[in-house]
Amino acid sequence: MIWFFATLLRLARGVLSAWRSDPQFRTLVVLVLITLLSGTIFYSWVEGWSVVDALLFSVTTLTTVGYGNLVPTTTISKLFTVIYIFAGISIILGFIDTVAKETLDLRRSRHRSDEGQDDEDVSGS
């Protein structure tokens, strides 16, 4: 359980660092939110799903998890889903890629600073 919280903390630090340093990341976050919100509203309205179910379907579809417990039933929903997948996956993958890179960069810089401190300790400075 500790590893889970440690990973969540690293993820939060990566998101916060990217948010502070990269204006394109902020735009990407807005696009992700708009994409998820549009899917949630559409599926909730057209399919009659609860907001939570519609959000769950939107997230699992765009992250390619796809539990299969919710399935679009109307023709318009099926067509929307095809377009939604093609448009949304690239946005979600861009977001995940940016967060992963920022998290790894933070980890590398922390590792380098730890090595620098060890070198100073050894040299007696």
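Tutor: On a 1 Å grid over the protein atoms alone, a cavity is a set of points where a 1.4 Å probe fits but cannot get out, a pocket is an open set with protein on both sides within 12 Å along at least five of seven lines, and lining residues have an atom within 4 Å of a point. This is a predicted model, where local features need pLDDT of at least 70 and side-chain atom pairs count only at pLDDT 80 or more, while totals for chains, interfaces and linings use all residues. Numbering runs from 1 along each chain as its sequence is written, and side-chain values use heavy atoms, without hydrogens and water.

Student: OK, which residues line the largest cavity?

Tutor: Arg 10, Arg 13, Gly 14, Thr 103, Leu 106, Arg 107 and Arg 110. Its volume is about 50 Å³, taken as the space filled by probe spheres set on points joined across faces, edges and corners.

Student: And the lining by class?

Tutor: Four charged, two polar and one nonpolar. Here Ala, Val, Leu, Ile, Met, Phe, Trp, Tyr, Cys and Pro count as nonpolar, Asp, Glu, Lys and Arg as charged, and the others, Gly among them, as polar.

Student: Which helix gives the most to that lining?

Tutor: H4, with four residues. Helices are DSSP runs (H or I, at least four residues), numbered from the N terminus.

Student: Now the largest pocket: what's its volume?

Tutor: About 160 Å³. Helix H1 (2-21), helix H2 (23-46) and helix H4 (75-123) are the elements giving two or more residues to its lining. Among the lining residues are Leu 11, Val 32, Phe 95 and Val 99.

Student: How many charged residues are in that lining?

Tutor: No charged ones; the pocket lining has nine nonpolar residues and one polar.

Student: Switching topic: at what angle do H1 and H2 cross?

Tutor: Roughly 115°, with the axes coming within 5 Å. Axes are lines fitted to C-alpha atoms, for helices over the stretch in contact, and angles run from 0 to 180 degrees between N-to-C directions.

Student: Who touches whom there?

Tutor: Val 15, Ala 18, Trp 19, Arg 20 and Ser 21 in H1 meet Pro 23, Phe 25, Arg 26 and Val 29 in H2, contact being heavy atoms within 4.5 Å.

Student: Last one: how many salt bridges?

Tutor: Two, each a side-chain nitrogen of Lys or Arg within 4 Å of a carboxyl oxygen of Asp or Glu. One of them pairs Asp 97 with Lys 101, closest N and O atoms 3.2 Å apart. Both residues sit in helix H4, four residues apart, about one turn of the helix.
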